[in-house]
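Work through the exercises below with the sequence and the structure side by side, trying each task before reading its solution.

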Amino acid sequence: MRALANWTGAVAGLLLILTGGLIQAALPVPGAAGVQLVSLPITLQVPALLLTALVCGPRPALLAGVAYISLGLFQLPVFHTGGGLAYLLDPGFGYLAGFLPAAWVTGRLARQQGMDNVLSLAMAALVGLAVLQLCGLANLLLGGLAGRWGGGLPQLLLSYSVGPLLPQVLLCCAVAVLARGLRRLLLIEAP
């Protein structure tokens with residue numbers, strides 16, 4: 001039964017991540033003409049991964065992350081700028097590789113004692129986001145030291161890490177609220 005739960009969670013997570021990659025995040029802002037949506041510099045892939053980890057646990061989230069990266073590298077152009085094996089040399093690949101440890105850490109934290117409130121779930125999602133960011137930063141810095149990115153390391157840091165960070169932090173809070181509701185609906189209890 002547990003294997004079935006892992007696989008169904010992984011498939012649901014993969015579908016969430018794929019769908020999240022198609023949706024541009026936006027923030028509703030009141031204006032003179034009513035409420036308008038302001039586009040944020042991210043898609044909903046990372047929140048989808050974190051939601052999978054918070055609701056389904058570490059194994060399904062890790063499997064969904066592996067499946068997503070595999071699809072992008074070998075089959076479908078699902079990444080931000082396409083896909084294929086050449087994406088391994090892209091500055092953003094470190095963030096994609098960070099999906100795996102972020103999914104595992106977030107899922108493990110979500111299964112700990114006392115993870116039955118929104119604040120705890122938000123903190124677990126923020127830790128996962130930090131792990132993902134650290135993996136991406138390590139890739140950017142190592143690539144910068146090796147001269148892979150040319151001379152644009154500050155611009156890459158701004159566009160890949162600093163720019164998306166605040167919207168991702170805000171979405172971690174939204175993911176925690178959604179995860180809490182889904183965990184109650186699916187009768188998932190923290191130990």
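Predicted model: local features only at pLDDT ≥ 70, side-chain atom pairs only at ≥ 80, totals over all residues.

**Exercise 1.** Describe the largest pocket by its volume, its lining residues and their classes.

*Solution.* Start with the space, which is about 660 Å³ in the largest pocket. Next, turn to the lining, where 25 residues take part and Pro41, Ile42, Thr43, Gln45 and His80 lie nearest the centre. Sorted by class, this lining holds 16 nonpolar and nine polar residues, with no charged residues. Finally, trace the elements: at least two lining residues come from each of α1 (2-22), β2 (34-43), α2 (45-56), α4 (93-97), α6 (118-145) and α7.

**Exercise 2.** Identify which residues have the most contacts inside the largest nonpolar core, and then list what Phe99 touches beyond four places in sequence.

*Solution.* The largest nonpolar core comprises 39 residues, and Ile17, Leu54, Tyr68, Leu96 and Phe99 have the most contacts inside it. Helices that each supply at least two residues of this core include α3 (58-74) and α5 (99-110). For Phe99, with residues up to four places away in sequence not counted, the residues touched are Ile17, Gln45, Val46, Leu49, Tyr68, Ile69 and Leu132.

Notes: Residues numbered from 1 in each chain as written. Heavy atoms only, no water. 1 Å grid on protein atoms, 1.4 Å probe; cavity = no way out; pocket = protein on both sides within 12 Å on 5 of 7 lines; lining within 4 Å. Points joined across faces, edges and corners; volume = space filled by probe spheres on them. Helix = DSSP H or I, 4+ residues; strand = E, 2+ residues; numbered from the N terminus. Nonpolar A, V, L, I, M, F, W, Y, C, P; charged D, E, K, R; others polar. Core = buried A, V, L, I, M, F, W, Y, C linked by side-chain atoms within 4.5 Å. Buried < 20%, exposed > 50% of the residue type's maximum accessible area, 1.4 Å probe, protein only. Contact = heavy atoms within 4.5 Å.
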